[in-house]
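I'd like to talk about packing and aromatic rings today.

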Amino acid sequence: MNTSSLVGHILQLFEHIDGQNQPADRLTGDFFRQKKYLGSHDRRFISDAVYGMIRHRRLIKTLIKQFVADNPGTAELEGPHVRHLTMYVVYLLTIENKSNISPAFWKTYFPKIDPEQFTGWIANHKNLDFLAMESITQLGVKYSFPDWMVSEWRKQIGGETENLLQALNSNSGVSLRVNLLKTTREDCQSRLLKEGIETELSNISPAGLISQKRFHNLSSNSFLEGWYEIQDEGSQLVSQIAAPLPGETVIDACAGAGGKSLHLAQLMKNDGEIIAIDVDKYRLTELEKRAKRAGASIIKTRLNKNLRAEEFYRKADLVLVDAPCSGVGTIRRSPWMKWGITEPLVEQYAEKQKNILSFNSQFVNTGGKLVYATCSLFRKENDEVVNHFLNSFPDFRLVHPGEDFAKLGLSLNNSTITIHPYRSNTDGFFVAVMTRV
């Protein structure tokens, strides 16, 4: 497909996403299903550009707004029918570092504006020299995050905030977890290579492989036969930190579609019992399909509304509470989330997390473990929830995770673990391990 047509598809998809309050990945999938004539290379070119524009949206819009303010008579750049085109041009100039714009192309849409005046201004001011230096706002604009989010992380990690923003704003590879119940990591890697999928070994997960290129799972026989699952390395670390043992009774209290349940079954060598609980019947049905494909026979699903608490009271050796959260640790995969998360929403999640943790603690046997995890990087959803729980339930104590995890670049803080994207090149996670004494 020629460049002009590809650009047209980019603008069409970006305008569609920009006008709706729905996840961009879902809208992108729908868009491509309607345009089956697009090949894999074209789809990748379009989605990379659209996701890049979403990821850097605040920076792009700020530059356009300032240019219009500094250059009267150029307001047409923000017109309703061309503003997405203007944003794409700025994306090319600032993020892709493309310096040449076709004069004919430019004059078709902006005949009254000198293209060299525009590109020159963007080149001279993309360092945001018109904003106050060292300010929260400059960091927020530079990496396209809300100011309140930048401010919160500045309070938590100080001078490392920019490293975090940069990491969350980067593209991530595809992380695979090899199913060691069926194969070895090396055999899976070799088979994937024969399928045209090149991977490298993970440095932090003994079952992990990393592919730098996206690919379609359903075209991989290795996937269809249960040799691997798509799972971020940080998510794999949560199960490793939980460290279940063969023969144990484990409750995955917020199982979702079961990524961690499947990993727990692998770590337990398919020996014992895992009760996977969730509020969503569809997700549990999906888990049952995945467990069958993986050969994980020890997983039993239970819909939350059908749960009888007394059935599992003090019965579990390990309870994993992978709580619903704001999900900011996964922004590098879902950049549109930046603007859907608000401070009041984080407060709501924190209250819900306190209730979920308290309720599920009753299932932990004496000497058993309660593991609380989120993919959030806000203290309010993490340490503050754990501290609230420990103050309310004095028969639980924090367990220090050990120095092995510190060697992986994880942050240990008062015996809790924070997996930072800028240190481990994974999604962001928080984990606290507690035991009933």
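So, which residues do ring pairs link into a cluster? They are F67, W106, F110, F118, W121 and F130. By a pair I mean Phe, Tyr or Trp rings (the six-membered one for Trp) with centres within 6.5 Å; planes under 30 degrees apart are stacked, over 60 edge-to-face, and the rest tilted.

Quick housekeeping: this is a predicted model, where local features need pLDDT of at least 70, side-chain atom pairs count only at pLDDT 80 or more, and totals for chains, interfaces and linings use all residues. Residues are numbered from 1 along each chain as its sequence is written, and side-chain values use heavy atoms, with hydrogens and water left out.

The structure holds 18 aromatic pairs. Take F145 and W153: their ring centres are 6.0 Å apart and the planes sit at 70 degrees, so that's edge-to-face. F145 is buried, at 0% relative accessible area, and W153 is buried too, at 1% (buried is under 20%, exposed over 50%, partly exposed in between, with a 1.4 Å probe and protein chains only).

Another edge-to-face pair is Y372 with F430, with centres 6.3 Å apart and planes at 70 degrees. Y372 lies in strand β9 (residues 364-374) and F430 in strand β13 (residues 429-436), 58 residues apart; strands here are DSSP E runs of at least two residues, and helices H or I runs of at least four, numbered from the N terminus. Both Y372 and F430 are buried.
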